[in-house]
Amino acid sequence: MKKSRYICAATKTGSVDLIDPLSFKIVRSWQAHASYINDMDAQNDFIVTCGGSLKQQAAQTYMLDPYVNVFDLKNMASMKPMPFPPLAAHVRLHPRMLTTAIVTSQHGQMHVVDIMNPNSSTVRYANISSYVKLFEIAPSGEALVIGDADCNIHLWGSPTKIHFTDMAIPIELPEPEEPAPVLDWSIET
């Protein structure tokens, strides 16, 4: 729940439930993906999801969907899905740009997309040797972090402007304690 009036919950069957935080009753439910939800983010008036479906081929395997679903909390309606041909693995809403989402594939391709105009996007590529396991954006919006399967962390951002918190102020640390006096542990002590 990030700046929303509901608890947004992804279920193991691929649906998204909006839950009233006072009564814990489901207010609204959407079937976001056919099989499962891989990643979800909620902020302000939007929910975005990446998920997968069971592919009816010989092996019957699960595969990520080539789109990101978008739900409008203000109007309680689903919006047009955002296409993502490299198969959407992770999605985050930008904390400062209210209608901007960042979508990544398992192989490191990133699209910065305006939810209101999903056909225009900026493409970036993270050079990773395995696959993306984690994707997160700092609350300041100035840093992106990608964690891969080789346990590497890839940090994206401008080296001169990167901040990780909303209000970047120095941390005040307590004064160090004075050391205890040295005692002479002799027989008379």
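Phenylalanine 71 is buried in this predicted model, with a relative accessible area of 3%. Its ring forms a stacked aromatic pair with that of tryptophan 30, at 4.7 Å centre to centre and with 25 degrees between the planes. Tryptophan 30 belongs to strand E3 and phenylalanine 71 to strand E7 (residues 67–72), so the pair ties together parts that are 41 residues apart in sequence. Tryptophan 30 likewise counts as buried, because its relative accessibility is 7%.

**Aromatic pairs**

A search of the whole structure finds 2 aromatic pairs. The other one joins tyrosine 36 and tyrosine 62 in an edge-to-face arrangement, 6.0 Å centre to centre with 75 degrees between the planes. This pair also links distant parts of the chain, since tyrosine 36 lies in strand E4 (residues 36–43) and tyrosine 62 in strand E6 (residues 62–64), 26 residues apart. Tyrosine 36 is partly exposed at 24% relative accessibility, whereas tyrosine 62 is exposed with a relative accessible area of 53%.

| Aromatic pair | Centre to centre | Angle between planes | Arrangement |
|---|---|---|---|
| Tryptophan 30 and phenylalanine 71 | 4.7 Å | 25 degrees | stacked |
| Tyrosine 36 and tyrosine 62 | 6.0 Å | 75 degrees | edge-to-face |

**Nonpolar cores**

The largest nonpolar core comprises 14 residues, and those with the most contacts inside it are Val48, Val68, Met82, Val91, Val103 and Ile115. Two or more residues of this core come from each of strand E5 (46–54), E7, E10 and E11. With 3 residues, E5 gives the most. Leaving aside residues up to four places away in sequence, valine 68 touches Val48, Thr49, Cys50, Pro81, Met82, Ala88, Val91 and Val103. Another core, of 11 residues, lies apart from the largest one and includes Tyr6, Cys8, Ala32 and Leu73.

**Strands and hairpins**

Strand E10 (residues 90–93) has the highest mean pLDDT among the elements of the protein chain, at 94. Both of its faces are covered: His90 and Arg92 on one side are buried, as are Val91 and Leu93 on the other. E10 pairs with strand E11 (residues 100–104) in the antiparallel sense over 4 bridges, and leucine 93 stands opposite alanine 101 in E11. The hairpin that joins E10 to E11 runs through 6 residues.

A further antiparallel pairing, over 5 bridges, brings together strand E2 (residues 15–19) and strand E3 (residues 26–31). Serine 15 stands opposite glutamine 31 in E3. E2 and E3 form a hairpin with 6 residues between them, and phenylalanine 24 in the turn has a positive phi of about 60 degrees.

**Cysteines**

How many disulfides does the structure hold? The number is 0. For cysteine 50, the closest cysteine sulfur is that of cysteine 8, and the separation of 15 Å is too far for a bond; a disulfide would require the two sulfur atoms to lie within 2.5 Å. Cysteine 50 is buried at 0% relative accessibility, while cysteine 151 is exposed with a relative accessible area of 72%.

**Confidence**

The protein chain has a mean pLDDT of 86, and 93% of its residues reach 70 or more. Among the elements, the lowest mean pLDDT, 84, belongs to strand E13 (residues 117–125).

Note on methods:
Residues are numbered from 1 along each chain as its sequence is written. This is a predicted model: local features need pLDDT of at least 70, side-chain atom pairs count only at pLDDT 80 or more; totals for chains, interfaces and linings use all residues. Side-chain values use heavy atoms; hydrogens and water are left out. pLDDT is the predictor's confidence in each residue, from 0 to 100. Two strands pair if DSSP finds at least two bridges between them. Buried means under 20% relative accessible area, exposed over 50%, partly exposed in between (1.4 Å probe, protein chains only). Rings of Phe, Tyr and Trp (its six-membered ring) pair if their centres lie within 6.5 Å; planes under 30 degrees apart count as stacked, over 60 as edge-to-face and the rest as tilted. A nonpolar core is a set of buried Ala, Val, Leu, Ile, Met, Phe, Trp, Tyr and Cys residues joined through side-chain atoms within 4.5 Å. Contact means heavy atoms within 4.5 Å.
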